[in-house]
Amino acid sequence: MWTAIFVPAWHFTGEVVVLHKNVAFVINYGCLLICAIGVGYQAHVTLGRGGSDACSGRYMASKWTADESPVYKALATTMGVYLLIAIILTLIGFGVETKVEELMDFLFYKISPVILITANAFALAHHHVPDFDYDNEEFRSLRFHRDWVDLLLQPSYVFMAKFESALLHARGGNKRQLMEMLEFEDDVDMVLKCCTFEEDDEEPGTMEVKIKDHVMELLG
């Protein structure tokens, strides 16, 4: 039955299953269309504003800006709502045309992946963005040390978490981790100056508490 989602025909005849209404194909290609629009938008914002140099601060800032934009969040929410409605309508139609036992068998074997894929679609609208200020020209001028393995296999949120951790360590006096992430080690002081956290503008001592909490999290 899984092959039906790739067959662009309203009537599907497989080795075992015959579908008079190949709704799976419609749902799948609708998801692909929404995904293509989302990827295209992210590429437009990231590459259009940040260029193709994935080691630059300009690229990373543009990527995070795209993740935070209302357009991307709206597309991700649309994907979740689309999947939810499509699944409900499919189950209703499936239940009308089949026996209760067959419907229960389908739910027993497929309900977990259905819930997971729907939850993941909604989760796309809740990207974590950096806690530090990256929307400045100093950060955009930085270059980071990233090899091909990082570029291909390391998502941007993993790099962001490592960079935030390195920033907190550097503010606590240990600059080694931050220096290893930068292509030019002399940029460390500029990074500490331009990448300010929101807590920096709050009452004194808040940043120190954040650093201590982070260190305790790493140790614990």
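Modeller: Start with the second largest pocket: its lining divides into 13 nonpolar, five polar and one charged residue. Here Ala, Val, Leu, Ile, Met, Phe, Trp, Tyr, Cys and Pro count as nonpolar, Asp, Glu, Lys and Arg as charged, and the others, Gly among them, as polar. This is a predicted model, so local features need pLDDT of at least 70, side-chain atom pairs need pLDDT 80 or more, and totals for chains, interfaces and linings use all residues. Residues are numbered from 1 along each chain as its sequence is written, and side-chain values use heavy atoms, without hydrogens or water.

Colleague: Which residues lie nearest the centre of the second largest pocket?

Modeller: Rolling a probe the size of a water molecule over the atoms shows where empty space is left. A pocket is an open set of points on a 1 Å grid over the protein atoms alone, where a 1.4 Å probe fits, with protein on both sides within 12 Å along at least five of seven lines; lining residues have an atom within 4 Å of a point. In this one, Gly38, Val39, Gln42, Tyr72 and His127 lie nearest the centre, out of 19 lining residues. Helix 1 (23-50) gives at least two lining residues, as do helix 2 (57-68), helix 3 and helix 7 (156-171). Helix 1 has the largest share, with eight. Helices are DSSP runs (H or I, at least four residues), numbered from the N terminus.

Colleague: How many salt bridges does the structure hold?

Modeller: Side chains of opposite charge can pair when their charged atoms come close. The cut-off is a Lys or Arg side-chain nitrogen within 4 Å of an Asp or Glu carboxyl oxygen. The structure holds seven. One of them joins Asp53 and Arg143, at 2.1 Å from N to O. Asp53 sits in the loop between helix 1 and helix 2, and Arg143 in the loop between helix 5 and helix 6 (148-153), so the pair ties together parts 90 residues apart in sequence.

Colleague: Are Asp67 and Lys63 buried or exposed?

Modeller: Buried means under 20% relative accessible area, exposed over 50%, and partly exposed in between (1.4 Å probe, protein chains only). Asp67 and Lys63 are both buried. Their salt bridge has its closest N and O atoms 3.0 Å apart. Both lie in helix 2, four residues apart, about one turn of the helix. Asp53, by contrast, is partly exposed at 31%. Arg143 is partly exposed too, at 25%. Over the chain, buried residues make up 35% of the 220 residues.
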